[in-house]
Amino acid sequence: MAIPLKYNFRNLLVRRTTTLMTAFSITLTVAVFVVLMALAHGLQVSLAATGQPLNVLIMREGSQSESMSSVSRDSLQVIKYLHGIANTEKGEPWVSPELIILINLPRRGETQGSNVTIRGLGPEGPALRPEFKIVEGRFFRSGLREVIASRKIAGRFQNCGLGDKVKFAKGYWTVVGIFDAGDTAYDSEIWADVNDLATDFDRNAYSSVLLRAADATSIGSLRDQIANDRRLHLKPQTEREYYESQTRFAAPIKALGLFIAVLMAVGASFAAMNTMYAAVARRTKEIGTLRVLGYSRGSILLSFVLESVLIALLGGALGCLLALPVNGLTTGTTNFATFSEVAFNFRVTPSLLSSGLIFAVFMGSVGGFFPAWRAAHESIVSALRSV
Amino acid sequence: MWQLGLRNLLRNKRRTILTASSVAISLFLLSSLAMVYTALGKPFEGEERSPRMMVRRLSGITFMMPASFRQRISAVPGVVAVTPMNWFGGYWKEPENSFGNFAIDANTVFDVLDMARIAPDQLEAFKRERTAAVAGRQLMEKFHWKIGDRITLMGSPYGIAPELVLRGTFTGGPDDQFYFHYDYLNEALGEFNQVNLFWIRVERPEIAARVGQVIDQTFRNTDSETKTEAEGTFLLSFISMLGNVRGIILMIGVAVTFAVLLIVANSVAMSIRERVTEAAILRSLGFTSRRVLALFVGESLALTVGGALVGVGGAKLLYGALALRKIGTYVWADMRMRPETILFCMALSIILALLSAGWPAYRAARINIAEALRSVG
């Protein structure tokens, strides 16, 4: 027969200072765990969520990133007439030549800067990214040195707000609009007209070409056509493949977060163990009485482990609450695959919170098991005789 | 008095060990965080007073400058040596084998890196042969290279894969870098005459800031405005690209500190609560309340500082043995426990011990003797 949970609750209430102190050390551990995982998860999502399944990105063979690739104007003409490209409403091939330039801009409140991606797009470019929408101001007009900045970049970098003038290439460019591209990698960019950008930077080649395939089977055919054309030296891949290959940058953050959390967890479970040993020592007589009343060793073991898990759950729940406010906070780091700033949000997801709770339960069980074992194996006679 | 304290600590050995080890683990973590925090926050060791500077384009290192800038930089008074430096970005055999490989001027690179040591005959061989290369000692060890090895650099954004011959090795400089001729790169790219960086050495560190200003002034209002920075500042800008790493470390550090406080306070409070009667007996035997207080606080101090010694000492030994400085230069070379870091962590552990023992010990020491003797715990 199991010992009623009420017994554990009452005991925890009687020793509330100890209970709370133990729970709080678990709270801090769980909070650090959740925050670090939310950081890694946010970075991962912003890269993994980018890309339409039918979009094909074409770069030079051997290039690891768009900014290091180059596609000549002649190649663009060849690409436009490949078979299997979707048509726009105007009946033209849905292709956007793009130019990527990284410029060093100072972050707000700092003198040190970071590389921000400036993307020049062809007229069909924005429609290839359905997440894209203007939230303030308007779209840029070509020939007028106008740019639009993502909301995350506008908020994090100097001179990138609506109406500001940002200096690069041969002079100042006006920010005429702020856009939102969901949680995708495009949400860390500044956009301009591809020809404006090419003229100003004296570039006579594009960086990459993005196009929409007519359907899933056309992707394979496009791959073959490009591979078979010896003149091109280009490598097509789906937009998804390109961004997914970059998500490995979140792995070291995850590993580090786990390492820190595990070390903190060892400390916290020792604290739980201390608390539970003290609880067992104080209640030796009670344990003897329970045994006399007919409760088995097993149910006493279970009862004490449960008590420890209850403390841990309380701590874990508080830890999740403590970590919750970071959800949605924007931060940024450099994606070393593209060597440019990637801005992203901390993401505290329900599954992350439940792993935080599971983590807490684990700490509680480890901390409670040995003391509970001791309680269960006390001999009845000596337990009853103890003071 | 000392003996009494010691006996008390040994009475509940399990609790003492559990508490001390959680303090040890937490302080190990805390001192590791402090180490990374300080390493990321300042110019690297010895770099504060380095006579070397980097000239880059104001708009960022991904932009290039005309190679002809070199003559105008050399002409600036105070500049002793100049080499172009193009990041080549190749790897050896597998993409995992990436390392810093740069195209430089073989004739001047070791005038800029005047602290690096290379055998004179090896340097001669490097200068003479257009396809020659030199590698730092750490790289030689990492990839088990020997002088005379043929090394092909693959996967570079330049789109060429040069076949080079290793003609020398150096030490005492950035020993994780690899250099080959800028002329070779330039020729392979059809005389493109563009440069990522100029690496320069000035006469004395004291004049570095002024020389930098003069250089930047020279190129103001050209198409390629420059920014000249001390080597340390230049490298720090890479770290700042990582984002607010120090802020996150600080947040974790605060959480760990509070966790230690809770753990120690809980353990000390428990052991004091169990001994209220004992404290009263001591008082009735003639111990002043101050001595009883000192006894309890001393116990907490021994517990925390003992644990901290193990944790911080462990970190010092571990990071010393790992020899992170052998992985790379600059920021890696700074990954070690500095005396300030150790001192900071130990001071923190003393504060934590006092804070956690303070209140319960004070109460136990001041309690009414008669009442305490009557209590049954």
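Is A:Ser65 buried or exposed, and how many other C-beta atoms lie within 10 Å? A:Ser65 is buried, because 21 other C-beta atoms lie within 10 Å.

Before going on, a word about what you are looking at. This is a predicted model, in which local features need pLDDT of at least 70 and side-chain atom pairs count only at pLDDT 80 or more, while totals for chains, interfaces and linings use all residues. Residues are numbered from 1 along each chain as its sequence is written, and chains are lettered from A and ligands numbered from 1 in the order in which they are written. The score pLDDT is the predictor's confidence in each residue, from 0 to 100. Chain A averages 91, and 100% of its residues score at least 70. Within chain A, confidence is highest in strand E6 (residues 146–150), at 97, and lowest in helix H12 (residues 380–385), at a mean of 85.

Back to A:Ser65, which sits in the loop between strand E1 (55–60) and strand E2 (71–72) of chain A. Helices (H or I, at least four residues) and strands (E, at least two) are DSSP runs, numbered from the N terminus. Leaving aside neighbours within four places in sequence, A:Ser65 is in contact with A:Ala337 and A:Thr338; two residues are in contact if their C-beta atoms, placed from the backbone, lie within 7 Å. A:Phe339 is 274 residues away from A:Ser65 in sequence, yet the two are 8.8 Å apart in space, C-alpha to C-alpha.

Now step back to chain A as a whole. Chain A contains 12 helices and 14 strands, and its C-alpha trace spans about 95 × 45 × 35 Å along the principal axes. Its radius of gyration is 30 Å, whereas a compact globule of 387 residues would have one near 21 Å; the radius is taken over C-alpha atoms, and the globule rule is 2.2 Å times the number of residues to the power 0.38. Buried residues make up 49% of the 387 in chain A. Of the contacts in chain A between residues at least 6 apart in sequence, 83% join residues at least 24 apart.

Chain A is divided into domain 1 (5–48 + 248–385) and domain 2 (62–232), with bounds that come from an automatic or database domain assignment. The C-alpha centres of these two domains lie 47 Å apart. Where they touch, domain 1 of chain A contributes 14 residues and domain 2 of chain A contributes 18 residues. On the domain 1 side, H2, E13 and strand E14 (340–345) of chain A each supply at least two residues, and E14(A) gives the most, with 5 residues.

Another spot worth a visit is A:Pro371, in helix H11 (residues 350–376) of chain A. A:Pro371 counts as buried because it has 25 C-beta neighbours inside 10 Å. Not counting residues up to four places away in sequence, A:Pro371 touches A:Met273, A:Met276, A:Tyr277, A:Val280 and A:Phe304.

Chain B comes next. Chain B has 14 helices and 13 strands, and its domain assignment gives domain 1 (2–44 + 244–374) and domain 2 (64–223). The C-alpha centres of those domains are separated by 50 Å. Of the 377 residues of chain B, 42% count as buried.

How do the chains meet? Their contact takes 38 residues from chain A and 33 residues from chain B. On the side of chain A that touches chain B, the largest share, 13 residues, comes from H8(A). By class, that side of chain A has 20 nonpolar, 18 polar and no charged residues; Ala, Val, Leu, Ile, Met, Phe, Trp, Tyr, Cys and Pro count as nonpolar, Asp, Glu, Lys and Arg as charged, and the others, Gly among them, as polar.

Finally, look inside. A nonpolar core is a set of buried Ala, Val, Leu, Ile, Met, Phe, Trp, Tyr and Cys residues joined through C-beta atoms within 7 Å. The largest nonpolar core has 165 residues, and those with the most contacts inside it are A:Val32, A:Val34 and B:Val264. H2(A) gives the most to this core, with 18 residues.

Terms used: Buried ≥ 20, exposed ≤ 12 C-beta atoms within 10 Å, placed from the backbone.
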